[in-house]
Amino acid sequence: MIEDRLAALGVRLPDAPRPLGNFAPYLIDGDYLYISGQISVTPDGDVVRGQVGTTLDLETGQLAARYCAIGLLARAKAALGDLEQIDRLIKLGAFVNAPESFADHPKVVNGASDLMVQALGAEQGTHVRFAVGSSSLPNNAAVEIEAVFRLKGKISSNHLEYGRT
């Protein structure tokens with residue numbers, strides 16, 4: 001069970017945060033759950049702010065990415081009611097707040113990828129991804145990550161569900 005694996009890792013899912021703009025935090029389309037970007041928010045609700053490679057070191061960036069993954073799973077639980085509805089993680093799209101000279105974006109985003117594999121299991125958690133740099137992110141967050149999950153069962157063939165939680 002995903003939540004059992006998270007508990008064994010010492011991870012408690014927070015309530016899904018409210019979106020920072022006029023967009024749906026998630027969309028369910030048939031077999032797929034698309035989750036809007038989640039920024040690096042700590043369990044205490046503070047944003048990990050700054051640029052990786054200037055004001056933040058690599059390890060802090062990896063932790064920030066891990067917090068994004070926790071946020072993505074919290075959003076998935078809010079959308080689905082039960083994380084066991086997830087068949088597998090398909091893709092992560094990651095943005096790292098970093099200066100032009102920074103080149104370790106993949107190492108930063110491993111903080112999220114590693115947690116997803118640990119939480120979902122090796123087969124269900126292995127995914128494709130991109131990890132790119134950005135000169136700034138919302139709230140000066142260190143990292144922002146979006147996700148696409150495949151679900152175990154279709155909602156309906158032509159049904160779209162937009163989250164407004």
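Predicted model: local features only at pLDDT ≥ 70, side-chain atom pairs only at ≥ 80, totals over all residues.
## Largest pocket

Sorted by class, the lining of the largest pocket comprises nine nonpolar, five polar and three charged residues.

## Second largest pocket

The second largest pocket holds about 260 Å³ of space, and among the 15 residues lining it, Pro-14, Val-41, Thr-42, Pro-43 and Ile-70 are the closest to its centre. Both β2 and α2 (58-80) supply at least two residues of this lining, with the largest share, three residues, coming from α2. The lining of the second largest pocket divides into eight nonpolar, five polar and two charged residues.

## Aromatic pairs

Two aromatic pairs are found in the structure. In one of them, the ring centres of Tyr-32 and Tyr-34 lie 6.5 Å apart and the ring planes stand at 45°, so the pair is classed as tilted. Tyr-32 is partly exposed at 30% relative accessibility, and Tyr-34 is likewise partly exposed, at 36%.

The rings of Phe-95 and Phe-130 have centres 5.5 Å apart and planes at 80°, and because planes over 60 degrees apart count as edge-to-face, this pair is edge-to-face. Phe-95 belongs to strand β3 (residues 86-97) and Phe-130 to strand β4 (residues 128-134), so that the pair links distant parts of the chain, 35 residues apart. Phe-95 is partly exposed, with a relative accessible area of 32%, as is Phe-130, with 27%.

Terms used: Residues numbered from 1 in each chain as written. Heavy atoms only, no water. Nonpolar A, V, L, I, M, F, W, Y, C, P; charged D, E, K, R; others polar. 1 Å grid on protein atoms, 1.4 Å probe; cavity = no way out; pocket = protein on both sides within 12 Å on 5 of 7 lines; lining within 4 Å. Points joined across faces, edges and corners; volume = space filled by probe spheres on them. Helix = DSSP H or I, 4+ residues; strand = E, 2+ residues; numbered from the N terminus. Phe/Tyr/Trp six-rings, centres within 6.5 Å; stacked < 30°, edge-to-face > 60°. Buried < 20%, exposed > 50% of the residue type's maximum accessible area, 1.4 Å probe, protein only.
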